[in-house]
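Biologist: I am new to this one. Could we go through the strands together, please?

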Amino acid sequence: MATTAKPLRIDIPVANDERKFPQGFFWGVATSSYQVEGAWNEDVKGLSIWDTYTHKPGNIKNNDNGDVANDHYHRYKEDVALMKNDLGANAYRFSIAWPRIFPNGTGEPNAKGLDFYNRLVDELKAAGIEPFATLYHWDLPQTLQDKGGWQNRDIAKAFADYSGYMAEKLGDRVKYFFTINEFRSFVEGGYQGLNVQVGGGKIVHLGGAPGLQLSNGELNQVRHNAVLGHGLAVQAIRSRGSADAKVGFAENMLIAVPVIETPEYVKAAEKATRELNADFITVLLEGRYTDAYLKKTGKDAPKFTDDDLKIIASPLDFVGINVYKPNIYVEPSNDAQGYRSVPINASHPKMQASWHVFDPECIYWAPHHVRSLWGAKSIFITENGCSASDVVSPDGRVYDSDRVMFLRAYLTQLQRATADGVPVKGYFLWSAQDNFEWSDGYSNRFGIVYIDFKTQKRIPKLSASFFRETVRRNAVA
Ligand code: GBH
């Protein structure tokens with residue numbers, strides 16, 4: 001039966017205003033020092049706890065380490081050019097290796113270490129890329145670990161001194177500072193190890209440097225020392241940095257997603273989010289540990305003073321959140337808690353990383369909750385992205401179709417949040433390049449640029465084109 005089919009005409013939504021982001025939105029990519037720099041023992045750099053940890057056989061998949069990593073320390077010019085030309089980024093979130101600046105953690109600064117970040121920042125400015133500096137992305141000077149690391153309250157003060165020093169030295173060009181990246185990850189991963197629910201009752205165990213296994217009471221004190229360090233650093237940046245310095249943290253917020261979008265479910269998800277983050281974001285923004293947290297921790301609760309709480313809650317200019325996955329799905333309940341967590345189904349979709357539960361809605365709800373719970377006026381998504389099984393195909397390209405799917409889905413939800421008026425000012429994609437993925441070594445690729453770790457060749461992936469077009473339009477591509 002022959003029909004004369006009319007060819008379908010589909011309008012390509014090139015100018016679809018409905019998916020636009022606010023004007024002046026920062027489109028960034030992110031990395032961290034230990035994961036990309038390499039040059040682990042050059043230019044008077046001190047050892048970090050990650051040098052020590054990775055050099056011990058058995059800690060990292062394939063016994064990989066960050067000795068060379070992406071060799072970014074020597075190739076930063078090429079990498080900045082890539083960000084500008086191939087990714088179109090207008091912002092870059094990098095971290096500073098504390099042991100490059102203070103090889104012994106405190107004391108005499110190392111001019112050569114500082115010089116690297118001066119040159120990097122100058123290169124970024126010349127490329128029209130706004131630098132966002134993270135002061136602590138887990139590479140603690142080993143000398144400070146030898147004095148107890150974050151178990152030792154004095155480290156908080158040492159961190160503030162180092163932070164103030166950096167704000168003073170870079171402050172004429174760097175306006176945005178993040179104190180600490182993911183309190184929860186380095187505290188729980190490094191000082192106890194953490195178990196993550198990934199669906200179907202399956203649990204994945206994650207660990208990191210310095211590889212300790214503290215008791216719950218000791219761990220809660222480490223949490224407290226870390227938020228105290230953040231507060232002292234905020235004060236040091238304000239007093240020693242430039243007058244227009246902006247400062248905040250970048251935390252891996254635990255996110256409760258309402259199963260259904262009704263006011264009751266949303267309320268329940270907000271309550272859950274506040275309690276889930278009681279040990280970090282909530283105390284940082286409220287200056288108090290919630291009653292439920294103190295009750296739950298009981299005799300293991302951290303020891304603290306009222307003065308500590310004031311320091312911890314030093315006023316911030318923005319809230320930075322790393323958003324990858326939903327942590328719990330929530331429905332309302334009639335008990336005192338007011339919410340109930342429902343199980344994540346065994347067949348729930350995942351991205352490649354063992355822990356990576358897939359749900360774009362989490363990047364809609366995370367900033368929403370931050371605004372409704374704490375009234376934040378400025379929010380950054382400091383990380384978002386996924387790993388994938390990327391390979392270079394015979395034609396020399398890398399077809400990461402799943403990452404493009406992931407980014408489009410998450411950005412669509414983020415755009416929805418900005419359209420609601422949630423004050424999200426920028427988005428940083430993790431990561432600018434494949435890099436050293438902690439315990440997974442080089443086996444887990446999060447970049448939108450592929451790295452051949454044998455030759456250090458950089459190949460922008462399909463997702464790099466997607467990102468570049470998104471930035472160009474300032475809308476989901
Ligand atoms: C971030 O860590 C890091 O900042 C970055 O260095 C890293 O490379 C990147 O993401 C990709 O992994 O959320 O309760 O299920 C995220 C590392 C944080 C992921 C803890 C797994 C499990 C705990 N991890 N998360 S939970």
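**Strands and their partners**

Modeller: Strand S1 (residues 26–30) and strand S2 (residues 91–95) are paired in the parallel sense over three bridges. Two strands count as paired if DSSP finds at least two bridges between them; strands (E, at least two residues) and helices (H or I, at least four) are DSSP runs numbered from the N terminus.

Biologist: Which residue in S2 is the bridge partner of Ala-30?

Modeller: The partner of Ala-30 is Arg-93.

Biologist: How far can I trust this, and how are residues numbered?

Modeller: This is a predicted model, where local features need pLDDT of at least 70 and side-chain atom pairs count only at pLDDT 80 or more, while totals for chains, interfaces and linings use all residues. Residues are numbered from 1 along each chain as its sequence is written.

Biologist: What runs S1-S2-S3-S4-S7-S9-S12-S13?

Modeller: That is the order of a closed barrel of eight strands with parallel pairing. On average, neighbouring strands of this sheet are turned by 25° against each other, direction ignored; axes are lines fitted to C-alpha atoms, for helices over the stretch in contact, and angles run from 0 to 180 degrees between N-to-C directions.

Biologist: Which strands does helix H7 touch?

Modeller: Helix H7 (residues 154–170) packs on the sheet and touches S3 (130–136) and S4 (176–181). Contact requires C-beta atoms, placed from the backbone, within 7 Å. The direction of H7 makes about 160° with that of S3.

Biologist: Changing topic, how many residues lie between S10 and S11 in their hairpin?

Modeller: Six, and Gly-338 in the turn has a positive phi of about 85°. S10 and S11 (residues 339–342) run antiparallel, joined by four bridges.

Terms used
Two residues are in contact if their C-beta atoms, placed from the backbone, lie within 7 Å.
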